[in-house]
Every structure is written in C-alpha cells, then in structure tokens.
Amino acid sequence: MQAYSGNTHEGRKSATPFAALVCLALAACQSSGPGAEIAAIDTAQGSAENIASLTAVIERSPRDAQAYNVRGSAFGRAGRYREALEDFDTAIRLNPSYYQAYANRALIHRFKGDDGKAVADYNKALQLNPSYDAAYIGRGNLYRLAGRTREAFDDFQRAIQLDTTDPRAYHNRGLLYQAQGQHNLALEDFSAAISLAPNAAEPYNGRGVSYLALGDEENAFSDFNTAIKLDGEIAEGWANQALVYERRGDKQKAMRSYRQALKLDPEYGPAKAGLARVQG
C-alpha cells in the first residue's frame with residue numbers, strides 16, 4: 001500500500017501542500033529580507049474594513065507605490081484578483097524597481113491560470129533583486145507543479161542558501177526529495193518546515209508519508225494525527241490516518257477516516273481507493 005502526500009495538484013483542501021502559505025504569500029512591505037513576505041493567511045487583511053482603510057491611505061497619497069502594493073495584497077486575500085492586479089500594476093508604474101510588487105502580481109497571475117505571465121513576473125523580480133527568496137519559492141512552486149523538477153529544486157535550493165525563514169522552501173524541496181524516494185532527506189526538510197511553521201498541517205502530512213515509507217509506522221501515525229488536529233479540513237490527513245488503520249487491520253476505523261476524507265473531497269482518489277479496499 002502507498003501513503004499519499006499532497007503534491008499532485010493545487011487549489012483543493014486534499015492536495016494543497018502548505019496551502020495557507022503558498023496561496024497567499026503576498027509581500028506588503030519594502031524590506032528585502034525574508035521577513036518581508038507575509039507568509040500566513042490573515043483573513044482580516046482581506047476584510048472590507050481593512051480595504052476601506054487602505055483606500056483612504058491611497059486617497060491621501062495617490063503616488064505611494066507601497067500603499068497600492070499593500071492594498072493589492074489585501075485584494076488578493078479577499079479573492080478580488082482583478083482589483084489586486086490593478087493595484088500591483090499601479091505600484092509597478094509608480095516604482096518600476098518594486099520587485100515585491102512583481103512577485104505579488106506573479107501570484108495573482110498564477111491564481112488566474114496564466115503561468116507564463118507569472119514566471120515572467122518572478123523573473124523580473126529576481127532580475128531586480130537576485131536575493132529575493134520569496135520569488136525563488138514562488139517560481140519554484142510553479143516549476144514543481146509543471147513537472148520541471150530540476151528547475152524547481154534549484155529555486156528552492158537557492159532560497160534555502162539565502163537563509164530563508166520561509167517554511168515553504170523546505171516543504172517543497174521535501175516533496176521533491178520524497179518523489180525521488182530520498183525519504184531521509186525529505187524528513188530533514190519537513191522537520192525544518194515544521195520548526196518554522198509548527199501550526200501548519202501540511203508538513204506533518206509530508207513527514208508522515210516519508211516515515212511510513214521508511215517503515216516507521218508509529219511516527220507516521222503521530223504526524224498524521226497532528227496534521228488532523230491542526231487542520232481537520234484536509235482530506236489528505238484523514239486518508240493517511242485511514243491507511244495506517246488499514247495496515248493495522250482495523251477496518252472500521254479505516255472506513256470512518258476514509259469516509260471523512262471523502263466528505264471533505266468526494267473526488268480524492270486515495271480515499272476512494274482505500275474505502276473500496278476496506279469495504280471489499
């Protein structure tokens with residue numbers, strides 16, 4: 001039997017590696033260090049009240065590129081991608097060297113399915129600042145999802161060499177190691193991601209998969225349970241937990257966990273296959 005790590009597609013709770021970090025890593029300040037990246041979802045940032053406040057700032061300072069970048073980040077968090085793009089376009093027009101705005105605009109292009117424009121904007125951000133870790137991570141994830149493994153690995157590696165504090169660099173490099181069967185290296189990277197973001201569920205799921213591949217069922221089970229406690233809305237965690245129950249011969253508990261995974265994502269293949277096995 002095989003454990004499943006969420007590294008196949010994005011945009012769903014069953015298979016979004018570091019969804020909370022990958023999807024809304026919008027930089028909203030001028031600092032060039034790793035701390036410049038807003039890596040966690042703060043729903044208040046995308047609230048109507050916050051956007052109204054940021055609009056008032058822009059009305060007072062209509063040529064402030066940073067103000068447009070900050071409001072663009074808020075629009076992105078609110079899913080208002082057209083308005084986010086307009087703000088990032090304005091920020092770049094006011095300050096053509098604003099590399100964070102290019103990286104933010106790249107993320108919006110990615111959400112809208114235009115990977116070509118996203119890569120071009122990440123390239124521009126890195127041309128302006130070759131030490132901008134967030135752009136390497138964003139571009140690397142695009143490469144990873146496109147199957148361009150070597151280029152993805154190089155981008156994550158570069159971010160890590162820059163001493164990034166962004167856990168996504170380690171998590172995504174761990175996924176690449178895992179896909180290559182290099183589970184000991186994957187364990188190190190997932191553990192590094194956990195140390196940087198101990199409340200994110202995804203790296204626990206990733207590490208659990210590698211533990212299971214190495215025959216360490218107890219640590220795998222512990223990680224899957226931790227992932228569920230941190231975010232019980234991810235189908236992958238329940239399917240992974242179910243797999244351990246299945247391996248232990250506890251079909252009833254496995255069945256319950258597989259069903260919970262399918263409740264969260266009715267199309268999640270590993271859960272569908274697992275439920276069919278334990279019911280057979």
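Colleague: Which helices do the buried residues of α13 pack against?

Modeller: In this predicted model, where local features need pLDDT of at least 70, side-chain atom pairs count only at pLDDT 80 or more, and totals for chains, interfaces and linings use all residues, the buried residues of α13 pack against α11 (202–213), α12 (217–230), α14 (251–264) and α15 (269–279). Residues are numbered from 1 along each chain as its sequence is written, and side-chain values use heavy atoms, with hydrogens and water left out. Contact here means heavy atoms within 4.5 Å.

Colleague: Why is α13 called largely enclosed by the rest of the structure?

Modeller: A residue is buried under 20% relative accessible area, exposed over 50%, and partly exposed in between, using a 1.4 Å probe and protein chains only. In α13, 12 of the 13 residues are buried, so the helix is largely enclosed; among them are Trp 238, Leu 243 and Tyr 245.

Colleague: Why is Asp 87 called buried?

Modeller: Asp 87 has a relative accessible area of 3%, and therefore counts as buried. Asp 87 lies in helix α4 (residues 81–94), and, not counting residues up to four places away in sequence, touches Tyr 68, Arg 71, Gly 72 and Phe 75.

Colleague: How do you know that Arg 168 forms a salt bridge with Asp 166?

Modeller: A salt bridge is a side-chain nitrogen of Lys or Arg within 4 Å of a carboxyl oxygen of Asp or Glu. The closest N and O atoms of Arg 168 and Asp 166 are 2.7 Å apart, and the pair meets that rule. Arg 168 is buried at 4% relative accessibility, and Asp 166 is buried with a relative accessible area of 4%.

Colleague: What parts does the pair of Glu 218 and Arg 248 tie together?

Modeller: Glu 218 forms a salt bridge with Arg 248, the closest N and O atoms being 2.9 Å apart. Glu 218 lies in helix α12 and Arg 248 in the loop between α13 and α14, so the pair ties together parts that are 30 residues apart in sequence. Glu 218 counts as exposed at 55% relative accessibility, whereas Arg 248 is partly exposed at 37%.

Terms used. Helices (H or I, at least four residues) and strands (E, at least two) are DSSP runs, numbered from the N terminus.
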